[in-house]
Amino acid sequence: MLYTAAGIVFIALGLAIGWYGIRPLAVIPSVLRTTVRDPSEVTDVGSFVVCRGIANESGEALTSPFTGSRCLGFEFEVTERQPFGIGIPWFQAHLDDGVATRPFTLDGPAGTFDVVPSAKRFALDTESTVITIGASETPPERIQRFVDVRDELEPVARWVRIIPGLGTRRYVERRIDPGEEYLVAGVTERQQNEVVLAGDLVITDRSPRGFAFARLRRAAFPTVIALAFVAVGVGGIAL
């Protein structure tokens with residue numbers, strides 16, 4: 001009975017981890033089979049489109065948290081190297097994350113298109129800027145100010161700091177930089193009598209194929225861990 005209960009728990013955990021890993025892959029087929037279009041060619045409402053163009057401001061810009069760069073949207077994550085985790089002995093534990101976004105325009109050779117990302121489901125498939133700070137190192141002033149105002153970010157625990165190699169923090173930042181080219185995919189909507197791309201969008205600085213490969217690589221590890229948990233769970237039930 002105990003083995004069966006433990007097996008069910010492991011299977012449930014495996015399915016949860018697997019869903020987390022494969023959910024971002026659902027949009028890949030739509031991106032790969034849709035022809036990349038110039039922003040000026042998008043006129044239909046309610047259709048899935050893939051556009052390539054230059055991102056530019058349509059209002060007030062943002063300032064990214066770690067580099068201080070002027071941008072149209074950003075995503076950040078803070079992790080810390082700790083001696084535990086799922087499936088690996090030395091683990092980058094999640095400490096904090098967040099997003100901010102603004103509407104912007106996507107400009108092509110023949111016209112402009114408005115993009116209105118949703119902050120609720122905002123994620124960027126763009127190049128990451130990573131700032132790594134050791135447990136005993138003093139953070140740059142901008143990052144220290146950020147840490148001071150975030151309740152989620154406590155100082156590195158003393159017991160972690162005294163172990164060599166632990167306590168190192170990674171401050172990861174991804175941005176939409178004005179004047180740079182991006183591929184944007186999603187479903188069109190009508191807002192204020194204009195057709196716009198809005199809601200849960202793919203925003204990447206890669207080609208459609210490069211975007212697909214990047215998401216597949218990120219999904220590989222949680223998928224392997226999920227399969228391992230399910231296998232252990234099935235084995236427990238079978239005993």
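Me: What makes two strands a pair in this predicted model?
Reply: DSSP must find at least two bridges between them. S5 and S6 are joined by ten bridges, so they pair under that cut-off of at least two. Their run is antiparallel.

Me: Which strands form the open sheet, and in what order?
Reply: Four strands, in the order S6-S5-S10-S9, with antiparallel pairing. S6 and S9 are the edge strands, as each pairs on one side only. Neighbouring strands are turned by 15° against each other on average, direction ignored.

Me: Why is the contact between arginine 174 and glutamate 75 called a salt bridge?
Reply: The cut-off is 4 Å between a side-chain nitrogen of Arg and a carboxyl oxygen of Glu. Here the closest N and O atoms are 3.2 Å apart, so the pair qualifies. Arginine 174 lies in strand S10 and glutamate 75 in strand S5, so the pair ties together parts 99 residues apart in sequence. Both residues are buried.

Me: Why is aspartate 125 called buried?
Reply: Buried means under 20% relative accessible area. Aspartate 125 has 3%, so the term applies. Aspartate 125 also forms a salt bridge with arginine 218, with closest N and O atoms 2.7 Å apart.

Me: What puts the buried residues of H3 on the same side?
Reply: These are Ile143, Phe146 and Val147. They cover an arc of only 100° around the axis, which places them on the same side of H3. Glu141, Asp148 and Val149 are exposed on the other side. The cover over the buried residues includes strands S5, S6, S9 and S10.

Notes
Residues are numbered from 1 along each chain as its sequence is written. This is a predicted model: local features need pLDDT of at least 70, side-chain atom pairs count only at pLDDT 80 or more; totals for chains, interfaces and linings use all residues. Side-chain values use heavy atoms; hydrogens and water are left out. Buried means under 20% relative accessible area, exposed over 50%, partly exposed in between (1.4 Å probe, protein chains only). Helices (H or I, at least four residues) and strands (E, at least two) are DSSP runs, numbered from the N terminus. The arc is that of the directions from the helix axis to the C-beta atoms. Contact means heavy atoms within 4.5 Å. Axes are lines fitted to C-alpha atoms, for helices over the stretch in contact, and angles run from 0 to 180 degrees between N-to-C directions.
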